Amino acid sequence: MDKRSVRDLELHGKKVLVRVDFNVPVKDGEVTDDTRIRRALPTIRYLLEQGAKVALISHLGRPKGEPDPRYRMDPVARRLEELLGEPVKKLDVAVGPEVERALAELERGVILLENSRFYPGETRNDPAFADALAAPFDLYVNDAFGAAHRAHATTVGVAERLPAAAGFLLEEELDYLDGVLRNPERPFVAILGGAKVSDKLGVIESLLGVADRLLVGGAMCFTFLKAKGYGVGTSLVEDDYLGEARRLMEEAGDRLVLPVDVVVAERMEEGVETKVVPVEEIPEGWMGLDIGPRTVELFRSHILEARTIFWNGPMGVFEIDAFARGTEGVARAVAESGATSVVGGGDSVAAVRKLGLEDRMSHISTGGGASLEYVEGRELPGVAVLPGKGEG
Ligand code: ADP
Ligand code: MG
């Protein structure tokens with residue numbers, strides 16, 4: 001990565017504001033998945049080892065620009081303290097004299113500021129709020145890949161006001177995505193699934209520019225199958241995108257690989273009757289909810305040849321066991337492939353985790369939306385604002 005790194009900063013005795021992505025699921029006051037907290041630890045530990053005074057800031061959930069008890073950072077603070085093994089001083093504010101005081105008194109551990117979205121200036125990137133955020137600090141580090149596609153006060157405004165650098169997680173995310181997009185070892189196989197074609201048209205387009213094969217499953221395959229003229233029953237289809245689907249198939253030729261069979265049911269429910277049918281024979285009134293076993297074999301053969309894999313979007317409704325086998329088959333093939341594998345997308349990552357295959361992937365992105373925007377070739381504002389290496 002060509003951005004200035006936290007390694008390039010002189011940190012001893014400096015007050016450092018770190019934007020982390022602690023937007024984690026919380027239930028009954030407990031963090032139910034602490035992945036994002038764990039992934040931020042290397043940067044936090046490094047800053048502490050270098051003798052910096054560290055305050056962390058993140059958003060959590062979708063409060064509406066004012067304090068909302070459901071989205072306080074306290075559960076995150078408790079989990080962070082356990083994982084870090086150092087005291088975490090949680091403040092109920094993100095700006096103002098309390099922050100200055102806490103920094104002056106900080107002897108061990110870190111400060112965790114309150115949810116940035118309790119302030120209306122966060123999402124508006126309000127200059128006065130960004131000034132207030134920056135005021136107590138000497139330096140700014142962005143380690144929040146999952147928020148880098150947003151031009152907010154904690155991702156962009158503060159970076160314009162303090163000497164800024166990328167944290168280790170942000171660097172790792174960008175290095176893996178760059179590796180896949182710019183310089184993939186071939187064959188490069190991209191796997192796309194999930195709910196909507198419309199969400200991911202830009203991603204398909206961009207991947208077709210670089211991938212040797214694009215395997216398409218999930219609900220989005222039915223828009224393609226319908227565009228080819230097949231009956232798709234009551235499967236999810238975006239009729240407005242049939243033309244686009246046809247154009248993409250023409251452009252891609254045999255690089256775009258569609259399912260040959262699917263698992264169908266009359267309803268998307270646990271316990272319903274299911275059948276496996278060839279894609280040419282989806283019955284009226286039935287919907288496709290997973291790729292079928294012959295498709296798993298077909299996708300698997302492409303995946304096992306790959307040297308580089310990018311995967312976004314489950315192959316079926318994996319939340320229901322009867323429709324999870326396609327996603328499982330693909331996940332196992334990716335795990336076995338020995339290829340450099342990058343998995344992005346909230347649900348895809350959840351599926352991989354549910355199967356216990358996280359450690360078998362080269363890189364699991366912490367940012368669903370951000371990774372897709374990056375793959376589309378869009379600039380991420382939180383990254384663009386960081387100075388390059390060697391820049392003043
Ligand atoms: P990600 O979060 O990995 O980017 P998406 O959010 O695009 O993935 O899509 C995930 C959702 O797509 C899941 O909730 C899954 O149930 C749904 N899905 C996958 N295949 C189908 C299908 N054939 N019909 C309906 N929904 C599907
Ligand atoms: Mg999703």
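Which residues in helix 8 are buried? In this predicted model, Val197, Lys200, Leu201, Val203, Ile204, Leu207 and Leu208 of helix 8 are buried, where buried means under 20% relative accessible area, exposed over 50% and partly exposed in between (1.4 Å probe, protein chains only). An α-helix has 3.6 residues a turn, so residues three or four places apart point the same way. Helix 8 covers residues 197–208 and spans only 14 Å between its end C-alpha atoms, while a straight helix of 12 residues would span 16 Å at 1.5 Å a residue (1.5 Å times one less than the number of residues).

Stepping back to the whole chain, there are 15 helices and 17 strands; helices (H or I, at least four residues) and strands (E, at least two) are DSSP runs, numbered from the N terminus. Of the 392 residues, 57% count as buried. The C-alpha atoms fill a box of roughly 70 × 45 × 35 Å along the principal axes.

Valine 260 sits between strand 11 (256–257) and strand 12 (261–265), and is partly exposed, with a relative accessible area of 28%. Leaving aside residues up to four places away in sequence, valine 260 touches Pro278, Val279, Arg294, Thr295 and Leu298 (contact means heavy atoms within 4.5 Å). Threonine 295 is 35 residues from valine 260 along the chain, yet their C-alpha atoms are separated by 5.5 Å.

Residues are numbered from 1 along each chain as its sequence is written. Local features need pLDDT of at least 70, and side-chain values use heavy atoms, with hydrogens and water left out.

Terms used: Chains lettered and ligands numbered in written order. Predicted model: local features only at pLDDT ≥ 70, side-chain atom pairs only at ≥ 80, totals over all residues.
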